[in-house]
Structure formats: structure tokens, C-alpha cells
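Please keep the sequence and the coordinates open while reading.

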Amino acid sequence: MSDVIDNTLVSGVQRGLRLEALHRYIRMKYGISIDLDALKRRIHLLNLKLDY
């Protein structure tokens, strides 16, 4: 399941989506409830650039 989240984050950041939009998309599409801080941490670990 973490691969789904990581792939969604990578594609969303590349398209320029905001973190809140990615959070909402993951919750609605996959039914996964994840904290915004956890998403920020994942983005940081993936070495992606996103303006919070």
C-alpha cells in the first residue's frame, strides 16, 4: 500500500498539486486515512520539492 501512496505523491508533485489536494485524493480514491504530517515526511524522504 505504501507504493500506491508514494506513486501518487510523486505524480501529484510533478503535476504541481498542493499537499491538501493530494491528501484528499488519497483518502477518496484509495480509502486510506493518513495524516498531513506523515505525507510531508514521505515527501521529504522521497526528496521531492513541494511548497507547503
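The text below takes up the helix pairs and then the salt bridges.

The model is predicted, with pLDDT of at least 70 needed for local features and pLDDT 80 or more for side-chain atom pairs to count, whereas totals for chains, interfaces and linings use all residues. Residues are numbered from 1 along each chain as its sequence is written, and side-chain values use heavy atoms, with hydrogens and water left out.

**Helix packing**

Two packed helices are described by the angle between their axes and the distance between the axes. Helices are DSSP runs of H or I with at least four residues, strands are runs of E with at least two, and both are numbered from the N terminus. Axes are lines fitted to C-alpha atoms, for helices over the stretch in contact, and the angles between N-to-C directions run from 0 to 180 degrees.

| Helix pair | Angle between axes | Distance between axes |
|---|---|---|
| α1 and α2 | roughly 140 degrees | within 11 Å |
| α2 and α3 | roughly 110 degrees | within 10 Å |
| α1 and α3 | about 75 degrees | 11 Å |

Helix α1 covers residues 2–15 and helix α2 covers residues 19–30, and their axes cross at roughly 140 degrees. That angle makes α1 oblique to α2, given that angles under 35 degrees count as roughly parallel, over 145 as roughly antiparallel, 65 to 115 as roughly perpendicular and the rest as oblique. The crossing of α1 and α2 is right-handed, the term for a near helix turned clockwise from the far one by less than a right angle, with anticlockwise being left-handed. On the α1 side, V4, I5, T8, L9, G12 and V13 meet L22, Y25, I26 and Y30 of α2, where contact means heavy atoms within 4.5 Å. By class, this contact of α1 with α2 has eight nonpolar, two polar and no charged residues; Ala, Val, Leu, Ile, Met, Phe, Trp, Tyr, Cys and Pro count as nonpolar, Asp, Glu, Lys and Arg as charged, and the others, Gly among them, as polar.

The axes of α2 and α3 cross at roughly 110 degrees, which makes α2 roughly perpendicular to α3. Here L19, H23 and I26 of α2 meet L36, L39, K40 and I43 of α3, and the residues of this contact divide into five nonpolar, one polar and one charged. L19 and L39 are 20 residues apart in sequence, with a C-alpha to C-alpha distance of 7.8 Å. L19 is buried at a relative accessible area of 4%, where buried means under 20%, exposed over 50% and partly exposed in between (1.4 Å probe, protein chains only).

For α1 and α3, the angle of about 75 degrees makes α1 roughly perpendicular to α3. S2, I5, D6, L9 and V13 of α1 make the contact with L39, R42 and I43 of α3, and by class it has five nonpolar, one polar and two charged residues.

**Salt bridges**

How many salt bridges does a search of the whole structure find? The search finds two, a salt bridge being a side-chain nitrogen of Lys or Arg within 4 Å of a carboxyl oxygen of Asp or Glu.

R42 forms a salt bridge with D6, with the closest N and O atoms 2.8 Å apart. R42 lies in helix α3 (residues 36–45) and D6 in helix α1, so the pair ties together parts that are 36 residues apart in sequence. R42 counts as partly exposed at 23% relative accessibility, whereas D6 is buried at 19%. Leaving aside neighbours within four places in sequence, D6 is in contact with R42 and L46.

E20 forms a salt bridge with R18, the closest N and O atoms being 3.4 Å apart. E20 is partly exposed at 38% relative accessibility, and R18 is exposed at 57%.
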